[in-house]
There are 2 protein chains.
Amino acid sequence: MSEVKDKALRAKQAAGRMGLADTRQKNAALLRMAEALIAEESSLIAANEKDLQRGRTTGLRASLLDRLKLDGKRIAAMAEGLRQIAALPDPVGDVLESFTRPNGLRINKVRVPIGVIGIIYEARPNVTVDAAGLCLKTGNTVVLRGGSSALESNRRIVQVLHDALAETELPTDALQLIESADRSSAGEMLKLNGLLDVLIPRGGASLIRSVVENATVPVIETGAGVCHTYIDNEADKEKAFRIAINAKVQRPSVCNAMETLLVQSGFAARHLEALAGQFREAGVELRGCPRSRALVPDMLPAEEADWGTEYNDYILSVKVVDGLDEALEHIARYGTRHSECIVTENREHADRFLREVDAAAVYHNASTRFTDGFEFGFGAEIGISTQKLHARGPMGLPALTSTKYIVKGDGQIRS
Amino acid sequence: MSEVKDKALRAKQAAGRMGLADTRQKNAALLRMAEALIAEESSLIAANEKDLQRGRTTGLRASLLDRLKLDGKRIAAMAEGLRQIAALPDPVGDVLESFTRPNGLRINKVRVPIGVIGIIYEARPNVTVDAAGLCLKTGNTVVLRGGSSALESNRRIVQVLHDALAETELPTDALQLIESADRSSAGEMLKLNGLLDVLIPRGGASLIRSVVENATVPVIETGAGVCHTYIDNEADKEKAFRIAINAKVQRPSVCNAMETLLVQSGFAARHLEALAGQFREAGVELRGCPRSRALVPDMLPAEEADWGTEYNDYILSVKVVDGLDEALEHIARYGTRHSECIVTENREHADRFLREVDAAAVYHNASTRFTDGFEFGFGAEIGISTQKLHARGPMGLPALTSTKYIVKGDGQIRS
């Protein structure tokens, strides 16, 4: 049996016991795991150093090496993340609906764990801890498959967490790490219907696309954000500038950052030059449509490909539009249904935008950067779903649960 | 462009307008569609006759010919189904959650249509009408791909519904029928990511398996039911007999019918012979484990394959178990997580069964035959989900919706 199948089978066999763990047992395990990470700081850093050395030798980019690196502060943050997950309410067992039928049957719809969750991700050791914590808190077992350049770090992290789990009432098999570095191990996970209940890819667009296109196990797609901010003629200038700048530059590398600014012609005629100046001061390269460039000549020309590009960088495409209709059409055509914003003081325009734009989150007069489980108050986040099934938008703990109907009768039969 | 892609694209282009239709517009269209079916009874029967003739020529089984056949009564039932869907509450626009963040952001989670729904089904013309009605009521557009032996019937039904839609405020492109009879058209639908938001296969196990195994579009799996009834030693004899007989014989051909009876040894020693007699009177063939056959010698011997078989017929496998643990193990091993029942007067045993059995619906002292959208009071049903994502168990109208977050601010930015 392959490593992938063996470990998925162990996770499945542990799922029954894991699903019955109560909140106290799960929280105790999460806190024990947090302590163990702190206690094992030096062995974690030593294992991580092997990954870093290999990364340097193989010419891994500096930004990837930085993401890969573990130090005392980052290990403390991982442990703190587990403590925060322990402090969150446990959704398992919540009664979502409760009704009695005319024949006397009493039906409750209750939250239950999903079962076995597969996570495929890149070389980020913090995801190993975070995903393990979220899955265990919700009574699931988890099969992790991280990027091969973080293998030594992940192996040591999972050893530490396994040792911690062994001192608790949870089954250690609830947490599985695929160590096989070749690409076929990820491919094998995608087809494990019957063993894995869901796959969640976490990472860049190409990883997610590859999982979506090849998986037969159900996938929760977390994804790319080509997010827009539309500034209406009736926008408050000060709000518009503040929101647009924040949406682009507060953290350009993330999926909820703005990639395209749409500006209605009247506002553009009055203010685009000043706004462009502020973007330039913040180090943002602007790529404009012809009408934008007529107003701000030193923008680069935007090409067709720009409108669909998630730059994740200090680059912004800018388009002047006649009004709401053109903005809605542009967003429908080029958006990725992640987060979209209108800035206006006109309530009718805002309502139409909020109603007609098809996206996980639609904003009126606020930065798209708020699309985030912590900012929404969920206390944790396994990702931001850009698909429409099961969960859409920031996914907190309830997104890692399913439901079952519990039906109590007194001898009822169907006639 | 292929027919499949062309029609899916039309459905996608109509999805925006369809999603904005209000409840009055949608209900008016459903009622108009119902009227049109009644008015076109003779042309529908004429088209159906062509399918029936071809079916007879090609040797279609009598049960399939019966499913395929349309007459005045069945057409009236299809129209009545549309009227019932019109009478149901519209879930679109429902506010599921509403909260205000410390920074003043007001966040509403509202129900929205999924978008474009693909339905792949067998030669049942009534599914054409039913699926169209459910999808349109929830503001979705729909691409239907029915069995080729019902093509003439489906083509005429969709013509009639299109003519009806043309007199309403809904886009006629919201309803698409794939007419291409070759198998590749179904295969093409499975890969239309970006055009179809979800696929729902409706039909037998092999159809569903083929869709699940080959689709890259998200699938809602509706499925096979190897359902069990476990009779505990502390069961009330009269309830146990009534529930077990009903679960098997009230309608053996459906997914929520019982396939395996598990009986605790004490109850079996006292009552299995009498219960077997009742099953035999009802025309049920019994296949027993060795312990069952020791008590009721004229049962056929059950083979390993019996425990995992969905007979959908007057056949029942019977196993005597030592108690709850063995029953739970058997169900975990052979069940399909559809519907499972315990009959007992012991509350602790019942609670443990309801908690530990992993299935869409778990029953105490009631027939598994109640797992059904109508019986649960949902008023309609697009199928019974046996997967854990998005929807589990009977799926009413809300299962055909997604959500979006509407965020209203006053200039908030992220710091």
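On the cut-offs, angles under 35 degrees count as roughly parallel, over 145 as roughly antiparallel, 65 to 115 as roughly perpendicular, and the rest as oblique. H10(A) covers residues 237–249 and H11(A) residues 265–281; they pack at an angle of about 40°, with their axes 11 Å apart. Axes here are lines fitted to C-alpha atoms, for helices over the stretch in contact, and angles run from 0 to 180 degrees between N-to-C directions. Helices (H or I, at least four residues) and strands (E, at least two) are DSSP runs, numbered from the N terminus.

This is a predicted model, in which local features need pLDDT of at least 70 and side-chain atom pairs count only at pLDDT 80 or more, while totals for chains, interfaces and linings use all residues. Residues are numbered from 1 along each chain as its sequence is written, chains are lettered from A and ligands numbered from 1 in the order in which they are written, and side-chain values use heavy atoms, with hydrogens and water left out.

Back to the helices. The crossing of H10(A) and H11(A) is right-handed; a crossing is left-handed if the near helix is turned anticlockwise from the far one by less than a right angle, and right-handed if clockwise. Which residues make the contact? From H10(A) they are A:Lys237, A:Ala240, A:Phe241, A:Ala244, A:Ile245 and A:Lys248, and from H11(A) they are A:Phe267, A:His271, A:Ala274, A:Leu275, A:Gln278 and A:Phe279. Contact means heavy atoms within 4.5 Å. By class, that contact has eight nonpolar, two polar and two charged residues. Ala, Val, Leu, Ile, Met, Phe, Trp, Tyr, Cys and Pro count as nonpolar, Asp, Glu, Lys and Arg as charged, and the others, Gly among them, as polar.

Now chain B. The axes of H10(B), residues 237–249, and H11(B), residues 265–281, come within 11 Å and cross at roughly 40°. That makes H10(B) oblique to H11(B), and their crossing is right-handed.

Another helix pair in chain B is H2(B), residues 23–39, with H7(B), residues 151–166; the axes come within 9 Å and cross at roughly 130°. H2(B) and H7(B) are therefore oblique to each other, and H2(B) passes H7(B) in a right-handed crossing. On the H2(B) side we have B:Ala29, B:Arg32, B:Met33, B:Ala36 and B:Leu37, which meet B:Ile157, B:Val160, B:Leu161, B:Ala164 and B:Leu165 of H7(B). These residues divide into nine nonpolar, no polar and one charged.

Next, the aromatic rings. A pair of aromatic rings is described by the distance of the centres and the angle of the planes. Rings of Phe, Tyr and Trp (its six-membered ring) pair if their centres lie within 6.5 Å; planes under 30 degrees apart count as stacked, over 60 as edge-to-face and the rest as tilted. How many aromatic pairs are there over all chains? A search of the whole structure finds 10. In one of them, A:Phe378 and B:Phe99, the centres are 6.3 Å apart and the planes at 55°, so the pair is tilted. A:Phe378 lies in the loop between strands E13 (361–366) and E14 (383–385) of chain A, and B:Phe99 in strand E1 (residues 95–100) of chain B, so the pair joins two chains. B:Phe99 has 21% relative accessibility and counts as partly exposed. Buried means under 20% relative accessible area, exposed over 50%, and partly exposed in between (1.4 Å probe, protein chains only).

A:Tyr405 and B:Phe376 form an edge-to-face pair, 5.0 Å centre to centre with 80° between the planes. A:Tyr405 is in strand E16 (residues 401–412) of chain A and B:Phe376 in the loop between E13 and E14 of chain B, so this pair also joins two chains. Both A:Tyr405 and B:Phe376 are buried. Ring pairs link A:Phe99, A:Tyr405, B:Phe376 and B:Phe378 into a cluster.

B:Phe378 comes up again in the surroundings of B:Leu88, which touches B:Lys137, B:Phe378, B:Gly379, B:Ala380 and B:Leu397, not counting residues up to four places away in sequence. B:Leu88 lies in the loop between helix H5 (72–87) and E1 of chain B. Is B:Leu88 buried or exposed? It is buried, with a relative accessible area of 17%.

Last, the backbone. Most residues other than glycine have a negative phi. A:Asn365, in strand E13 of chain A, has a positive phi of about 55°. At 2% relative accessibility, A:Asn365 counts as buried. A:Arg337 has a positive phi of about 60° and is found in the loop between helix H13 (324–334) and strand E12 (339–343) of chain A.
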